[in-house]
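Please go through the contacts and salt bridges of this model with me.

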Amino acid sequence: MGKLNKEQRLEKQLAKKIEKQDVYQQIKLQETQEDDFNVANLIQTLEDQGQQIDSVKTQYLRVQEKARIVQEPETQAERDQQERKVAATVMKQDIKKWLPIVKKNRESERIDFTKQRNVQISKISDTSNALLNNHLGVKLQNAMEEVEKVEQKQELNGQSNQQKSNLQFYNDLKMKKISSIKSKIYKQIKKKKGNKEKLKLMAQLTPAERRQEIEKLRLSRAKERITLRHSTKNKFVSQLLRFGGDKKSLKQQQSFLNNIKHQLLAKAQLNELEDGEFDEENFREQAISQLEQELQDIEKREKEKQNNFGFLDKQKKQDLQQSKSIAQKLLTMLKSGNDDAIQLDESDNQEQNSDDNYEPNVNGDKDKSNINIENNEFNGRANFVNETKQLTETQKKRIDAKTSLSNYLNQEPEKLQQQNKQEKQLTIQDEKKQLIEGLNIKNIKQKYEKQVNQKLTNQDLKKLQSDPDELLQQNLANFNLVLDEDENENAFIDEKIKDMEEELPPEPANTKGWGSWAGFGIKEKKPLTQEQILQNKIKKIREIQKKRQDAKLDNVIISEKRDVKFSKYLVPKLPSEFTNSEQFDQLHTLPLGPEWNSLTSHSALTQPQIITKAGVVINPVKIPQQINKLI
Amino acid sequence: MAKDKILSAKLKQQEFKTKSTQLKTQKIAQLLEPQFQQSVEIDDERPLLKISNFKDYLPEENVQNIINLKLKQGPYKLSVTPQTTYLAGESGHIAAFNWRHKQLECEFDVKEKCYDIVSIAQRNFAVAQKSCIFIYDPKGVEVHKIRECKQATKLEYLPYHFLLAALNQNGQLTYQDITQGKIISTYRTTPSPLCLKQNHNNAILGIGDQMGVVRMYAPNTGTSLTSMLCHKGGLMSMTFSRDGNHLITSGSEGTIKVWDLRTQKLQSQIGVNATNLALSDKGVLAAGRGTDIVMWKNCLIGDLKTPYLRYKASSMICDIDFIKHEDYLSMSTFDSYEQTVVPESGEPFFDTYEQPDLQNKKQRLETNVKQLIEKLPPESISLQSYRIGTIDRTSKIIIEKEQKKQIEEQANKKIKKQKKKMRGRNKIGKREKLKELERDQKQQVKWQEMLSDALRVKRAEKEKKKIETKLLDRLEQMSSKEFIRVVS
């Protein structure tokens, strides 16, 4: 065969290399001959004399080659190669540390991560000798010892845990097999067994505990029924949502509550009489203080501003006078010290409390509310109604903050108002002009904010800083006053910006490493921050905004999407005869139909170029005389 | 100038024609204009319309058409044509009567909640009920049931395109062609719509929003063509002028605004709270709030300060509309239908495409056919409909892209010719297989015959032996005497 072996090939390549080297040496020597005085010339002279200096020659050539490499400037590729070699050596030194660990892990059947902790501990223990003098070092050592103890325990438990896990695994397998059984008889038998066990357990319990468990079961069943899909319209659920259970159970609860009420009242009366703990003096003092507070409140309410509605004010006055007279009477009675008067007070107070919730409830009333919450855990809608009532109270507070702010603003010094009057007259005229031009949203918004901010930054506000809650409420109320009107405008502006963003060209995805050189020593480019990206986006949007039709109109969005379906009614290209599109459009300016023109003009417009009446004889074509002569 | 001489001459001729025709039309318009318009002057101090004051001056026909009908079933919606009025109560009472001749056409109860009513082509009318939209005959017979647009609350009819537009409570708008019964387009508009009105000039629909925004829609595109923030509160109602150049809106914060749609800017405004608006063809604006109606005469020019007339209805107003080509205002309230005179409100001139009132039955049928032939396609609805037939001014690159797309779509739509398949009967492999089968079958037959012959021989031999053995057994059992007898 013509093919050569590997050894033969190698020999050939080596021979070629040697030839090349010889040629190279000859060329080098020829070049050096030109110089007058050189090391090569000296060697040649020695050679001519017949001395054997091959070893010297070879050494000289090596030195010369090395010198040549040093003198020549390196290319980029060579430089990179050398740098990579250096990097490789650096990395090898790092990897050498880990080589034995890797070897162990590869050879071992199982990797133990527990041993790695020991490595860390050994490191700290090496340094711990120096740290032992400090408190920290002692603490660390103690902590590490505890950790070791725990680990030892775990190792001991590990054997037992393995057994447990094995058992659990077999148990799971068993349960899987059991669950795959589909026979109904088996399930029925299973259910009966479970029920019997439960009954046994129930029999052992006390009646109070038994009742609790029954209630738990009932609750779980009720929750299941509600979560079922079509059961929300069920009779059971509808009653549960309305009354917090069945109708019967509700009646039972009410009767139960009534019984408790009577019992409590009876007990309270008995306790007062028997124990003698009821201090008349304390009660009298409390009652007097409460009544005095009430009188103060009534006076405050009288000073408040009256509504414009007359009939409401009359009713209010009458109520206040009645309550005032009753309170004054009670005060005189209490101060005189009649026991009969006190019993009357309670009854009167209860009636008043029902109307106005100024005083705290009596003890009996408090107990009622507690019982309601305890017994009716699953009350459904009844609880929800209570929550809404609480919300309304919070809303009232908010409204109070608004009114207080408005009152405060009205109490400004009169000097400022006089100055503002002149300014206001000017501003109103300006506003009218703007309104006629269109809705200038931004200017109006700025005015609102300015007016509000000026009043809030007054020094008088510092007095109110004693109670920060009031300030917060006032600020919030003020905030809402501005925001409620601007919601629509802000939403509209957002919509407009979104419409402009759709016109932006899609940005290329900035994946790391793509479109840049890689390797050792190359500096990474910093990615753009989110602020820079936003600023770039805003610049682009502003450029688009200038080109749009609705650039000067704040309250209008005109979509610039092309209607493709409508384009079939337009002429796609200008015909070659015309120079402008206006010339072409000029032909279509005049409508020809009789609906838009008079009959005479319609007939003139639609007149054909050649008119021939019906019945006229059309002669055949004749050759004209000019041509006939030629023929 | 144009390149060709012929074309330049043609253009010059065209210019001459346009000028001459314009002069003629102007002259005719001057002749047709009423020289002396009847005008009713009323003091600004107490501009209240009382019928007793007018009765002496009005002709008898007008006095007869002042109507006040008492009805019972719920708040009413109405739609009025020059001949008939259609009423739909919320509890399901639907009625249609000829107000000119005081003649009832039909009346029935659907026992279902009704949201809106609108009159459509050929004297039919559509009702938006709770289940779906129904279309009824002039005699009250149910003709169609449109199941596609469910829970529609607002209806509008585009007469020249034969389209019924229905708006859902969630803002879903559907265009349906009445002639074919085909749905042209459906899309979502706004989440909280309040009113729907059409621009009679453009056939573009405007939808008022709870955010105070008016959006214009056409069946071609799902997105809004223009959207304009008009009010700070919700947009209660709106109307377009007959030219299509003006829009009048009323907001819940208590203002009426007049907008110029050519510049998209505010023209004039007034602080009046109005729940219903109606604009006549000559520019009389009626605003209803509560039981009162206030009217302004030249609102499009900008005279909104001095009201023209005032009218007080018997109960809360639900819907208002002017009657076309007549000086009447019709309104539906919670429990009545009323109709009053408003002088100088109706436009006397007919649009030539419109169906005039005084027609025979024969003429009406002819016009119906003519209108169907001249039906406008729904794709021609756009803000730039005046540019039909002109040159497309968009860049060439976009047009070329679209054309390429169209060609690709057409190529994809084409049904490819299926290859003539032999279903594998005439393949070489199968042919040979068949031959093998035939060969095998022949061989099988041969083998079976051979086998059957061999078997027959064997069976015959077996039977012979059996018979022989039987005979031999019998012979053995026989006595010697009998044996001798048989043999002999």
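The questions below cover the interface, the core and the salt bridges.

This is a predicted model, in which local features need pLDDT of at least 70, side-chain atom pairs count only at pLDDT 80 or more, and totals for chains, interfaces and linings use all residues. Residues are numbered from 1 along each chain as its sequence is written, chains are lettered from A and ligands numbered from 1 in the order in which they are written, and side-chain values use heavy atoms, with hydrogens and water left out.

Reader: What area is buried between chain B and chain A?
Author: The contact (heavy atoms within 4.5 Å) takes 56 residues from chain B and 52 residues from chain A. Buried area is the accessible area (1.4 Å probe) that two parts lose on being put together, summed over both. Carbon and sulfur atoms give 58% of a total of about 4,800 Å².

Reader: Which salt bridge partner does A:R562 have in chain B?
Author: A salt bridge is a side-chain nitrogen of Lys or Arg within 4 Å of a carboxyl oxygen of Asp or Glu. The rule finds 6 salt bridges across the interface of chain B and chain A. For A:R562 the closest N and O atoms are 2.7 Å apart, and the partner is B:E402.

Reader: Which residues touch the most other members of the largest nonpolar core?
Author: A nonpolar core is a set of buried Ala, Val, Leu, Ile, Met, Phe, Trp, Tyr and Cys residues joined through side-chain atoms within 4.5 Å. The largest has 31 residues, and those touching the most other members are B:L173, B:Y175 and B:L247.

Reader: Are B:D209 and B:R215 buried or exposed?
Author: Buried means under 20% relative accessible area, exposed over 50%, partly exposed in between (1.4 Å probe, protein chains only). The two form a salt bridge, with the closest N and O atoms 3.7 Å apart. B:D209 has a relative accessible area of 2% and B:R215 one of 9%, so B:D209 and B:R215 are buried.

Reader: Why are B:D453 and B:R456 separated by about one helical turn?
Author: Their side chains meet in a salt bridge at 4.0 Å, N to O. B:D453 is partly exposed at 41% relative accessible area, whereas B:R456 counts as exposed at 56%. Helices are DSSP runs (H or I, at least four residues), numbered from the N terminus. B:D453 and B:R456 are separated by about one helical turn because they lie 3 residues apart in helix α6 (residues 428–477) of chain B.

Notes
Helices (H or I, at least four residues) and strands (E, at least two) are DSSP runs, numbered from the N terminus.
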